[in-house]
Amino acid sequence: MRKTAFAALCAALAMPLAASADITVNLPAGSGLDSVAYYHAPIAKLATAKTRAERGIVEDKAPVKDNKATIAISSAEGGSRYGITFSQRNFIDLYVLPGEEVNIDVKSLDPFDYNLSGTEFINDMNEVAALSKPLEEKQKALMADGAQPDREAMMALYNEYMDSVKDFIEENLTSPKAVIALMNLDGEDFVKAFDKLSERAKTSRMYPLAERQYHYVQASLEKERKQQAMANGTTPAPDFTLEDIDGKQVSLSQFKGKWVILDFWGSWCGWCIKGFPELKEAYTKYKDRLEVVGVDCQETKEAWLAGVKKYELPWVNVYNPEGSKLTEEYGVQGFPTKAIINPEGIIVNITTGHDPEFFTKLDQFMAK
């Protein structure tokens with residue numbers, strides 16, 4: 001018995017110690033925080049989820065003691081994304097694997113300043129983050145003494161940063177760090193860089209998210225090309241019939257002979273709501289020869305009806321139910337999307353997002 005017990009003890013001592021699996025947050029003295037809020041979700045679920053419920057997001061708070069908070073790292077295979085929040089504007093995103101030890105040393109909460117350390121992946125993150133440092137200094141110089149920076153100068157800085165990211169990816173195509181940098185790109189730049197990634201780069205823990213983004217960007221670009229083709233002044237607007245707030249069937253074709261604005265929106269969309277005052281002004285100005293048709297998207301009928309009432313939308317409002325292909329037919333890739341249709345039923349403009357230029361273009365069409 002003694003030999004068996006001794007052998008078991010020796011075996012236990014010979015086993016490697018389990019790796020620590022914490023995110024340690026060190027806060028500055030006098031931070032005033034009694035807890036640190038955070039969420040985490042498996043990267044594998046984030047890469048495949050079709051709904052928020054499928055993402056597996058877990059929210060929690062870590063108590064602060066002696067200016068330190070400890071957050072346990074999930075054992076999810078393939079790693080997890082952690083979002084750690086210090087205030088409404090200050091947060092940190094991390095991608096960690098089971099058993100890793102990550103340190104966050106917060107030097108200041110206002111202005112927000114921190115250091116990350118602990119893993120090779122963190123070192124790669126820091127290397128990519130450093131690409132923006134020179135640009136940040138130039139931006140501060142442009143905004144010195146509270147000056148309003150010139151739009152063209154700011155765009156030049158942005159393009160300079162994008163070029164530095166693309167150069168970094170080209171120089172690191174055989175490294176997983178290329179995937180970290182890739183997530184700063186969008187559109188054609190994202191697709192071109194993704195297509196160049198080596199097999200080793202694809203071993204990055206962030207690759208499943210990059211792959212998901214790749215398919216999303218490709219679909220968005222296809223919709224954008226479709227919109228551009230539709231808005232060339234020769235394409236008839238796809239007709240539809242949807243239910244209005246009184247339960248009556250409304251068809252686009254019944255407005256032929258008038259100008260029409262199709263407004264694809266949702267009461268969940270802040271930028272949609274922000275554009276209502278200007279849309280109301282245009283409607284009042286041109287309503288003798290213009291109709292606005294608000295097409296509600298991606299919400300329940302109850303939420304739609306409540307939104308129409310809350311925002312006092314005076315035009316025709318119709319409900320676009322789940323399963324409808326209407327947004328695909330118009331190449332909608334974001335909200336709000338507004339389409340201008342001439343009296344002959346031809347699309348002459350499609351604008352995605354809240355863009356004041358839309359109303360300048362509308363005035364030009366209406367002046368013809």
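## The second largest pocket

In this predicted model, the second largest pocket has a volume of about 790 Å³. Its lining is made up of 22 residues, and those that lie nearest the centre of this pocket are Lys-223, Gln-298, Thr-327, Val-332 and Phe-335.

Sorted by class, the lining of the second largest pocket holds seven nonpolar, eight polar and seven charged residues.

## The largest pocket

The largest pocket has a volume of about 1,400 Å³. It is lined by 34 residues, of which Asp-93, Tyr-114, Met-125, Ala-129 and Asn-184 are the closest to its centre. The elements that each supply at least two residues of this lining are strand 6 (91-96), strand 8 (112-117), helix 3 (120-129), helix 4 and helix 8 (207-230), and the greatest share comes from strand 8, with five residues.

The class make-up of the lining of the largest pocket is 20 nonpolar, five polar and nine charged residues.

The model contains one cavity of 30 Å³ or more, and the volume of the largest cavity is about 40 Å³. The residues that line the largest cavity are Gly-275, Lys-338, Gly-353, His-354, Asp-355, Pro-356, Phe-358 and Phe-359. By class, this lining has three nonpolar, three polar and two charged residues.

## The packing of helix 4 and helix 5

On the side of helix 4 the contact is made by Leu-135, Lys-138, Gln-139 and Leu-142, while helix 5 brings Ala-153, Met-154, Leu-157, Glu-160 and Tyr-161. Six of the residues in this contact of helix 4 with helix 5 are nonpolar, one is polar and two are charged.

Four strands form an open sheet of mixed pairing, in the order 4-1-7-8. Strand 4 (68-72) and strand 8 stand at the edges with a single partner strand each, so one side of each is left without a neighbour in the sheet. From one strand to the next, the twist averages 20°. Strand 8, one of the two edge strands, is also the element that gives the most to the lining of the largest pocket.

Strand 1 (residues 22-26) pairs with strand 4 in the antiparallel sense, over five bridges. Within this pairing, Asn-26 has Lys-68 of strand 4 as its bridge partner, and Asp-22 stands opposite Ala-72 in strand 4. Strand 1 is also joined by five bridges to strand 7 (residues 101-109), and these two strands run parallel; here the bridge partner of Thr-24 in strand 7 is Asn-103.

Definitions and conventions: Residues numbered from 1 in each chain as written. Predicted model: local features only at pLDDT ≥ 70, side-chain atom pairs only at ≥ 80, totals over all residues. Heavy atoms only, no water. 1 Å grid on protein atoms, 1.4 Å probe; cavity = no way out; pocket = protein on both sides within 12 Å on 5 of 7 lines; lining within 4 Å. Points joined across faces, edges and corners; volume = space filled by probe spheres on them. Nonpolar A, V, L, I, M, F, W, Y, C, P; charged D, E, K, R; others polar. Contact = heavy atoms within 4.5 Å. Pairing = 2+ DSSP bridges. Axes fitted to C-alpha atoms, helices over the stretch in contact; angles between N-to-C directions.
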